Amino acid sequence: MEIQKEMLAEHFRRLEDAPKSGEPVVYTFVPGNLNELVRSFGALPVFPEINALQSAMRGKSAAYIASAEKAGHSEDVCSYVKCDIGMARSGNVGPTGTRLPRPDLLLLSYTGCYTFMKWFELLREEYDCPVVFLQIPYQGDGSITPGHRAYVARQIRETVIPALERLTGQSYDEGRLRESLARSARAEEDLVAVFESALQRPSPIDAYFGAVYYVGPIFSAFRGTEQGAEYYRTLREEVEERARQRLGPATPSGVLTDQKYRLVVEGPPNWTHFRDFWKLFSDEGAVVVASTYSKVGGTYEFGFRHDMEDPLGTLADYCGGCYTNIDLPGRVRMLADYVERYAADGFVIHSVKSCNSFSAGQLTILREVEKRTGVPGAFFESDLVDPRYFSPANLKNRLESYLQMIEARRRAPAR
Amino acid sequence: MSRATDAAESRVSIVDWAAETAGDLDFSAARAWLAGDPSRRAAGYLPVYAPREVIRAAGLLPVGVHGGGDRLEIIRGDAFYQSYICHLPRSVIELAQSGRLSMLSAMLFPSTCDVIRNLSGVWRLLYPDLYVRYLDLPQVPEPAIAADFWEGELRTLFADLCALAGIPESDARLRREIAVENELRGVIAELYRLRRDAPEKVPTEELYTLLRAGEVVPAPAFLEKARAYLAAAEAEPSRLRDRVRVIVVGAFCEAPPLGLIKTIERSGCSIVDDDFLLGNRLVAEDVRLDGDPIRNLAEAFVRSARKTSILYEGRPEGKRELIARRVAAARADGVIFASASFCDPALLDRPMLRAGADAAGVPSIAFKFAENTGQFQQFRELAGTFADSIKLWGEK
């Protein structure tokens, strides 16, 4: 945690200094980001959805959203977008209190979320800067087809790289990119080991709330960096040591070693009341052993690693494989696999109003996973960064009822 | 009987036919066509755009699935969607779960938004034996890259549908159906031109109903009716009306109830351009008939697709200019932004479009609806006040 804090603080300091240092700034999105490529050109990435969620964790999102709605943005649409636009219009002070620089380029990787496209059209109005578009075809047939892979690689080669060359004045250096991809693969290997530690009892990690901290560097500016690789090596060692000591994860209720319920969670968390939300679970002795949200910035546990031997092809594979780019049957398979492999007592779908990419179809997912695993699911609703939609009493009530139901099933004689 | 009376009768009968066909939630017209030959197949498609010529060239009848509107009671559909998701998918699910779409052998889900995208996955889970395809429309601004991608998608779709229909792929059939689609595009353009020039001759409730009927019948049947309607409407004497000319923007997917369209036009507004059923004219130019038909289709899409919220706008000034350009082309007095509740594409675009309208001095109002909205008084007041304000204070 401390290492990560320092890494982030340093990154935001560099961003604040960018107008003076001349380091180019590229705004892009977490799913399908091309961090290795961007950084191989010496550019600094900014992730608007991370700024939005961190603004929410610091209690600033309500005012930002109100500011955007006052300017005509609908109450019906994604609160990440409104939070980001509100932040931009309020001086663009980032989550660490430093001012964020204006983007020199908007790198629109359209992966798994239609709203991203609109988001950067809107930001272009705010910043009046160039946009380069990277379309990632959806896995509509449940796989990344060779044609789709070639399409993405071609866009990277013919539009993204030339745009970065124009921006930075540097030529594409494939050797530098390969080195970065190799570091990514190392970090990914360690991250998978961290996730799979939850197979043990007690689980030394919380794979949803805790995972937010584990995935922070690899989902953002540090994938492909030496710092990032070192962070994951250290994290893995720490988690393995906790496992040896048979310790549970640190939670808002303390170290959760007495784990009464092992749960799988689908959907992003609520950020405005993140700690309260987590505490609802940890107070009940519920630990999350696997989650899908921790895969939005990359799905590594089924074998994918960035491959330095095929730099552009591997970036295409990475983009296409991010969780929200996977079709519903694939998401159902993944959840059912988690429930069975991690021997979960139940699974919770946290459905957020803001995100149709996640939320539309989740009730069907619920029924399908129940049908395939025989494990009952629970369905909670709130939002990402709009505090108006977080109802703690309602969520607590639902969680308690759900866990009681799991308890009752345990006591019931086997049929 | 005079020619004028003949035309009027013909027009009434066409409108009646259209209302009956468009309002038929059992898709009887499509079922009747299928019953004509047991080897026939039909493919449904969701809004906004599906390449109908490719579907027809594979021997299938394209059937637009635009929801149940305000005539369908939702019994099962609400169990599939949370309250903060638009109404369209729940009525589409209702149509399917009640067996009304059982005649379809395939369902196509275009990349309109994440809700329709994910509905394709729901379909795969609910109907594993059906051919289901998600159509990722080309979004990148570089024409060659976009056309190559879309060409590949179209080839896959055509091959799959031909296999489903049990017929070999044929460029000749593709060319024939491209020609038919060019004819359809032409007659729809003429209907829109006539309404623009003389809105009193083409009430939008009639135009919309006619086009909606065209989504569920074989192309020749629609062409015949549309041409007859056009001739009858042209023959109508012009009547001067004290109305303001408006464009309705944002209702390109979930369709407004007919009552809402009537309400707007009975509140002192004439609709002279709109986004209703946009897919039938999204490709704005005729597609070439020589050369490789799939390549021609792909290039025509990339070159001429109309500006809409479902496609990426590559030009920085594009969003800001769009409303002013549409207003000028339609000689409109104002814009009504009418979007379905929770419609991400329309609602995310609205601030940019409205800012462009404001900058160009175009008056506008905005509201939301659902396909099953049943109360229109608030819309009557909004549209009526809007029309009055333009008449009283608008620049002429």
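Where is the place of A:Ile144 in chain A? A:Ile144 sits in the loop between β4 (131-135) and α7 (146-168) of chain A; helices (H or I, at least four residues) and strands (E, at least two) are DSSP runs, numbered from the N terminus.

Before going on, a word on the ground rules. This is a predicted model, in which local features need pLDDT of at least 70 and side-chain atom pairs count only at pLDDT 80 or more, while totals for chains, interfaces and linings use all residues. Residues are numbered from 1 along each chain as its sequence is written, chains are lettered from A and ligands numbered from 1 in the order in which they are written, and side-chain values use heavy atoms, with hydrogens and water left out.

Back to our starting residue. A:Ile144 is partly exposed, at 32% relative accessibility; buried means under 20% relative accessible area, exposed over 50%, and partly exposed in between (1.4 Å probe, protein chains only). Not counting residues up to four places away in sequence, A:Ile144 touches A:Gln139, A:Arg149, A:Asp317, A:Gly320 and A:Gly321, where contact means heavy atoms within 4.5 Å. The C-alpha atom of A:Ile144 is separated by 16 Å from that of A:Ser109, 35 residues apart along the chain.

Now let us turn to the interface. Here 55 residues of chain A are in contact with 51 residues of chain B. The size of an interface is often given as the accessible area lost when the parts come together. Chain A and chain B bury about 4600 Å² between them, with 56% of it on carbon and sulfur atoms; this buried area is the accessible area (1.4 Å probe) that two parts lose on being put together, summed over both. Eight salt bridges are counted between chain A and chain B, each a side-chain nitrogen of Lys or Arg within 4 Å of a carboxyl oxygen of Asp or Glu. One of them pairs A:Glu75 with B:Lys368, and their closest N and O atoms are 3.2 Å apart. On the chain A side, helix α6 (residues 114-127) provides the largest share of what touches chain B, eight residues. That side of chain A has 21 nonpolar, 18 polar and 16 charged residues; Ala, Val, Leu, Ile, Met, Phe, Trp, Tyr, Cys and Pro count as nonpolar, Asp, Glu, Lys and Arg as charged, and the others, Gly among them, as polar.

What about the interior? The largest nonpolar core has 276 residues, and among those with the most contacts inside it are A:Trp271 and B:Trp123. Such a core is a set of buried Ala, Val, Leu, Ile, Met, Phe, Trp, Tyr and Cys residues joined through side-chain atoms within 4.5 Å. Leaving aside neighbours within four places in sequence, A:Trp271 has contacts including A:Leu53, A:Met57, A:Tyr80 and A:Leu384. A second, separate core of 13 residues includes B:Ile247 and B:Phe337. In chain B, helix α8 (residues 204-214) is mostly covered, with 10 of its 11 residues buried.

Finally, some backbone details. A cis peptide bond joins A:Arg201 and A:Pro202, with omega about -5 degrees, and A:Pro202 is in the loop between α8 (174-196) and α9 (209-219) of chain A. In chain B, the peptide bond from B:Pro47 to B:Val48 is cis, with omega near 10 degrees. A:Arg246, a residue other than glycine, has a positive phi near 55 degrees, and A:Arg246 is exposed, with a relative accessible area of 52%. For B:Phe342, phi is near 65 degrees, again a positive value in a residue other than glycine; B:Phe342 is in the loop between β7 (334-340) and α13 (344-359) of chain B.
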